[in-house]
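Let's go through this one together, asking at each step what stands behind the words. Have a look at the model first.

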Amino acid sequence: MSNASPTEQVDPSRVPSFPLADGSKIPAIGLGTFGSDHVTADTVASAVIEAGRMGYRHFDCAAVYANEPEIGGALAQLMAAGIEREQLWITSKLWNDKHDKNDVASACEQSLRHLGLEYLDLYLIHWPFRNYHPPGCDGTSRSKDSTPYLHDRYMETWRELERLHQRGLVRHIGTSNMTMPKLELLLRDATIHPVVNQLELHPHFQQPELFEFLVAHRILPIGYSPLGSPGRPDRDRTPEDTVALEDPGIVAIAENHGIHPAAVCLKWGVQRGNAVIPFSTKTRNLLSNLQAVISDPLTSDEMQVIAAIDKNVRLIKGQVFLWREEQCWEDLWDLDGSIAK
Ligand SMILES: NC(=O)c1ccc[n+]([C@@H]2O[C@H](COP(=O)([O-])OP(=O)(O)OC[C@H]3O[C@@H](n4cnc5c(N)ncnc54)[C@H](OP(=O)(O)O)[C@@H]3O)[C@@H](O)[C@H]2O)c1
């Protein structure tokens with residue numbers, strides 16, 4: 001890890017933020033920390049330190065990324081160097097094998113212990129399925145205990161998140177990888193409103209209908225894989241996948257601004273109204289991603305050009321969470337508006 005020199009720092013107060021339904025503010029850019037099964041925990045932790053020195057204040061973590069203890073060490077170093085806990089926004093997520101009501105609190109407490117924190121700013125249910133798959137498995141891996149989405153069981157888990165909120169262990173609670181029909185049920189039954197939904201969002205997968213639904217229900221969209229996840233695991237690659245960073249429309253806009261196509265994707269996300277959580281372990285990329293959200297915006301014409309290049313190509317298909325052999329990944333995403341059984 002290299003120390004960020006003064007010229008490589010961004011004043012965190014210049015980084016835009018989004019208001020949540022309860023009035024809190026979340027920084028519009030966070031550092032993703034999923035090493036995609038090939039970047040080590042120590043390398044990700046080094047990136048967290050470097051990013052914090054550079055001006056990042058928002059870190060997107062998860063128990064299943066298997067690096068929370070190392071990230072906890074990195075956060076401790078940043079706080080020892082003068083960054084106050086209140087200036088940080090730390091998210092973690094509950095993994096699929098910990099949805100049972102007897103497991104949720106201990107899973108959250110373990111993430112807190114690993115991260116060295118007394119509270120999380122945001123805790124998400126990572127996927128709306130209890131279906132476990134082992135880390136590093138391939139795309140054909142299925143657990144024999146897998147089930148479809150069962151709303152009563154999801155609510156059992158959500159109630160535990162509500163209790164964590166009441167205990168002050170998590171400041172906000174939210175969802176991830178939810179669809180509109182599932183969210184409609186949650187919004188009907190939740191006592192505490194979900195303040196965010198984390199979902200795949202990049203210029204080739206814009207999810208306009210879900211995006212508008214979230215905004216209409218005061219749920220902030222947090223866009224994961226905002227660069228099209230060029231380092232994603234092999235199980236998440238298919239021949240139909242497209243590459244937003246190479247899209248001629250994105251490349252032309254990048255050339256006009258003299259920036260990398262990655263910066264165009266991030267500007268587009270934040271200007272559209274979603275937080276972005278790009279992953280990187282490279283100094284140059286960490287810096288240019290942060291600078292992207294504080295430098296000159298895209299024009300409305302450029303925003304329209306990008307709106308028109310949506311290819312509806314989902315990259316993170318989630319097929320390991322399927323519950324029957326003959327299914328295809330589309331069954332996870334309720335494409336016909338009803339929850340697949
Ligand atoms: N809720 C969920 O189910 C879910 C699912 C997937 C991801 N996530 C979260 O979202 C985060 C981001 O998603 P992601 O990691 O899949 O993909 P991503 O952020 O779209 O892409 C990350 C990749 O892009 C490269 N990169 C970063 N900045 C770059 C730049 N300026 N120029 C060129 N290449 C650049 C990185 O390589 P270098 O290291 O070489 O820069 C890395 O390989 C994850 O880390 C995780 O925190 C959540």
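**How do we know?**

Q: What makes Asp-236 a buried charge without a salt bridge?
A: This is a predicted model, and in it Asp-236 is buried. A salt bridge needs a side-chain nitrogen of Lys or Arg within 4 Å of a carboxyl oxygen of Asp or Glu.

Q: Where does Asp-236 sit, and which residues does Asp-236 touch?
A: Look in the loop between β9 (220-224) and α7 (248-257). Leaving out residues up to four places away in sequence, Asp-236 touches Asp-241, Leu-315, Ile-316, Lys-317, Gly-318 and Gln-319.

Q: Why is Val-320 called buried?
A: Buried means under 20% relative accessible area. Val-320 comes in at 4% relative accessibility, so Val-320 counts as buried. You'll find Val-320 in the segment after α10 (300-307).

Q: What about β7 and β8: how many bridges join them?
A: There are 2 bridges, and at least two is what pairing asks for, so β7 and β8 (residues 196-200) pair as well. They run parallel. Ser-176, for one, has Gln-198 as its bridge partner in β8. With helix α5 (residues 180-189), these two strands make a right-handed β-α-β unit.

Q: What makes β7 a strand with both faces covered?
A: Ile-173 and Thr-175 are buried on one side, and Gly-174 and Ser-176 are buried on the other.

Q: Why are β3 and β10 called edge strands?
A: The open sheet has 8 strands, in the order β3-β4-β5-β6-β7-β8-β9-β10, with parallel pairing. β3 (31-32) and β10 (275-276) each have a single partner strand, so one side of each is left without a neighbour in the sheet.

Q: Which residues touch the most other members of the largest nonpolar core?
A: Of its 101 residues, Tyr-56, Phe-59, Leu-75, Ile-90, Leu-120 and Tyr-123 do. Beyond its neighbours within four places in sequence, Tyr-56 is in contact with residues including Ile-29, Leu-31, Ala-51, Leu-286 and Leu-290.

Note on methods:
Residues numbered from 1 in each chain as written. Predicted model: local features only at pLDDT ≥ 70, side-chain atom pairs only at ≥ 80, totals over all residues. Heavy atoms only, no water. Helix = DSSP H or I, 4+ residues; strand = E, 2+ residues; numbered from the N terminus. Buried < 20%, exposed > 50% of the residue type's maximum accessible area, 1.4 Å probe, protein only. Lys, Arg positive; Asp, Glu negative; His and termini not counted. Contact = heavy atoms within 4.5 Å. Core = buried A, V, L, I, M, F, W, Y, C linked by side-chain atoms within 4.5 Å. Right-handed = clockwise from strand over helix to strand, strands pointing away.
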